[in-house]
Amino acid sequence: MENNKVIFCFRDDDFCGFTNHQIFDEVYKEYKGKITISVVPNSCSHHKNIYPFTEKEDCFKLLEENKNGIEYLKKGIINNKFEIALHGYNHEYKCIKNKWKTELQYNDFKTINKNIIIGKKYLSDLLNYDIKLFVPPNNVMNKKTTKALIKNNLNSSSTIHSLFDRPFSLKTIYNFIVRWSFWAKYHMHYSGVMHYHHFNELFAHRLPNTFDEFLNLYNFCKKHNFPLVIFTHYWQIYNDSQKKNIFDKIVNFVNTECEFKNITEIIEEYYE
């Protein structure tokens, strides 16, 4: 890294057929860096019991129906501003035994793998873009999804919840120990690239609740030579003045203090 700057990226989730690209652009208008945009091919209108796009109307919408949004994404790709990641297939939650489950939790491996194949090709063809990254809805990964990503040559930006939510291997055990050792020692998530067999993963941090919390995270990443990825939802920031205030302060800071890469570029650059 030049001048020991932290490499930074925003990951914004949920761009889809419902997205008003002007709202997305308004949120990021002052940000000078790169964005990894997690795109849903055929989005459900609601997330659990939240309706971020419609007035409590249950429906689905393909990305191809959002002509202006597609042109906006293509322009950002050409300008090397946007990376496109596959964000599930429809982002639909189902309430099973009083618990909300994502499509990666209630579907079996065969269905997950089929949807990843279809979704990856759909976005690649529609945007003329080589999809290399997968972002699981609600950041929830598991063994069956990881196996499907390996089969489809995709890396992931997500989180780790337990020892057994990745395919079992010595590398999985090693990565688990590294991550939770960092948590035990620093009470901070391990932010480096995790290399598994035929699969790489990069942790994304939620948007901090305060600017001081962000500075603490930034200083931690700088000390350990980690990249810093923060995941956001454009529609939440646009509708929540408190989140927007923190987001804007972070933008002003990283515009001058950080170097920018998208998540795939970070994965290709960083090693443990």
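Predicted model: local features only at pLDDT ≥ 70, side-chain atom pairs only at ≥ 80, totals over all residues.
Colleague: Which residues of α2 are buried, and why do they fall on the same side of the helix?

Modeller: The general idea is that an α-helix has 3.6 residues a turn, so residues three or four places apart point the same way. Here the buried residues of α2 are G69, I70, Y72, L73, G76 and I77. They cover an arc of only 160° around the axis, which puts them on the same side of α2.

Colleague: What covers the buried residues of α2?

Modeller: The covering elements include the strands β1 (6–15), β2 (35–39) and β5 (82–86), together with the helices α1 (21–28) and α4 (109–127).

Colleague: How does the span between the end C-alpha atoms of α2 agree with its twelve residues?

Modeller: At 1.5 Å a residue, helix α2 (residues 67–78) should span 16 Å, and its end C-alpha atoms are 17 Å apart, which agrees. After α2 comes N80, which has a positive phi near 60°.

Colleague: How many of the residues of strand β11 are buried, and which way do they point?

Modeller: In β11 (residues 199–203) five of the five residues are buried, so the strand is largely enclosed by the rest of the structure. F199, E201 and F203 point one way, whereas N200 and L202 point the other way.

Colleague: Which strands pair with β11, and in which sense?

Modeller: Strand β9 (residues 155–158) pairs with β11 in the parallel sense over three bridges, with E201 as the bridge partner of S156. Strand β10 (residues 193–196) pairs with β11 in the antiparallel sense over four bridges, and there F199 is the bridge partner of Y196.

Conventions
Residues numbered from 1 in each chain as written. Heavy atoms only, no water. Buried < 20%, exposed > 50% of the residue type's maximum accessible area, 1.4 Å probe, protein only. Helix = DSSP H or I, 4+ residues; strand = E, 2+ residues; numbered from the N terminus. Pairing = 2+ DSSP bridges. Expected span 1.5 Å × (residues − 1). Arc of directions from axis to C-beta. Contact = heavy atoms within 4.5 Å.
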